[in-house]
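Work through the exercises below with the sequence and the model at hand. Each task is followed by a solution in steps.

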Amino acid sequence: MTGKVYLIGAGPGDPELLTLKAHRLLTQADVVLYDRLVGKEIISLIPDTAEKMYVGKAKSLHSLPQEEINTLLASKAKEGNMVVRLKGGDPFIFGRGGEELEELIEEGVPFEVVPGVTAAAGCAAYAGIPLTHRDYAQSVRFLTGHLKDGTTDLPWDELVHPAQTLVIYMGLTGLKEISESLIKFGMKPTMPVAIVEKGTTKEQRVFTSTINKVYDVAMQNEAKSPALLIIGEVVTLQNKLEWYGKY
Ligand code: SAH
């Protein structure tokens, strides 16, 4: 009998941001394949009886290529296992969840998808930055700063739009280019920016600055991945609404 694959979002870090469904399935799993971004506290919820497999991230050294992860998921399920594929944040937001499911369909393996709190929602909440606000932003746009071919070639002119918040995932490596391009395409140099490092975890750090200074601020503070960029007037609210670690 073929088992099933559960593609599950683990949220951005704080284990209490797991959904009840994710938690239940995790404790029932036979096999769990997880990524670099899933924290130790969440991994410790997996029962000892389950086989835990770290499959890493394509950019790191100790990781399996995406095709092998896809094949492994299918083969573990075909052995009759209940397989959990655990990903940081939400599996359908910059998580390659779609690619993994396509392979399962080809192999005839049944699956379910459990959404997770994506980094944008988690980091914004824990940093005290509402992504929309009637006075500042009526839309929010999620982008990746790291394209498949390694470049950061974003639709710049569309990003310099009033009353829009930009949330950039994987934006630290290309930060210099991103900030310079936004200014070049018309963003005001004093546009507020926040860098949220390890958001929702006990090590969370938040650096606020402006788009013309953000690269220097990142350098001075040695900002590290995983980090999210939030760009827009809403960032000015952080000063007032900051709560995490404060009360
Ligand atoms: N599927 C994930 C995103 C994976 S891409 C999600 O929905 O959140 C990886 C990028 O997500 C990182 O480079 C970083 O930009 C962001 N990210 C994930 N977890 C984060 C965290 N705890 N704090 C800050 N950024 C995070």
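This is a predicted model: local features need pLDDT of at least 70, side-chain atom pairs count only at pLDDT 80 or more; totals for chains, interfaces and linings use all residues.

**Exercise 1.** Find which residues form the negative surface patch, and which elements give two or more residues to the patch.

Solution. Glu 102 is a residue of helix 4.

**Exercise 2.** State how many salt bridges a search of the whole structure finds. Then work out what the pair of Glu 112 and Lys 21 ties together.

Solution. The search over the whole structure gives 14 salt bridges. The cut-off is 4 Å between a side-chain nitrogen of Lys or Arg and a carboxyl oxygen of Asp or Glu. For Glu 112 and Lys 21, the N to O distance is 3.9 Å, and their side chains meet in a salt bridge. Now locate both partners: Glu 112 is in strand 5 (residues 111-114) and Lys 21 is in helix 1 (residues 20-28), so this pair ties together parts 91 residues apart in sequence.

**Exercise 3.** Identify the aromatic cluster that contains Phe 94, and describe the backbone and the place of Phe 94.

Solution. Rings pair if their centres lie within 6.5 Å. By this rule there are 6 aromatic pairs. One aromatic cluster is formed by Phe 94, Phe 142 and Tyr 169. For the backbone, read phi: Phe 94 is not a glycine, yet its phi is positive, at about 50°. For the place, Phe 94 belongs to the loop between strand 4 (82-87) and helix 4.

**Exercise 4.** Which residue lies over the face of Tyr 215, and at what distance from the ring centre?

Solution. Lys 176 lies over the face of the Tyr 215 ring. Its distance from the ring centre is 5.6 Å, to be set against a cut-off of within 6 Å for NZ of Lys.

**Exercise 5.** Is the peptide bond from Ser 225 to Pro 226 cis or trans, and where is Pro 226?

Solution. Omega is near 0° for the bond from Ser 225 to Pro 226, and this peptide bond is cis. Pro 226 is found in the loop between helix 8 (214-220) and strand 10 (227-231).

Terms used. Residues are numbered from 1 along each chain as its sequence is written. Side-chain values use heavy atoms; hydrogens and water are left out. Rings of Phe, Tyr and Trp (its six-membered ring) pair if their centres lie within 6.5 Å; planes under 30 degrees apart count as stacked, over 60 as edge-to-face and the rest as tilted. A charge sits over a ring if NZ of Lys or CZ of Arg is within 6 Å of the ring centre and within 35 degrees of the ring normal. Patches are made of residues with over 30% relative accessible area and no salt bridge: like charges are joined within 9 Å, nonpolar side chains (Val, Leu, Ile, Met, Phe, Trp, Tyr) within 5 Å. Accessible areas come from the Shrake-Rupley method with a 1.4 Å probe; for residues, only the protein chains shown count as cover. Lys and Arg count as positive and Asp and Glu as negative; His and the chain ends are not counted. The place of a charge is taken as NZ of Lys, CZ of Arg, CG of Asp or CD of Glu. Helices (H or I, at least four residues) and strands (E, at least two) are DSSP runs, numbered from the N terminus.
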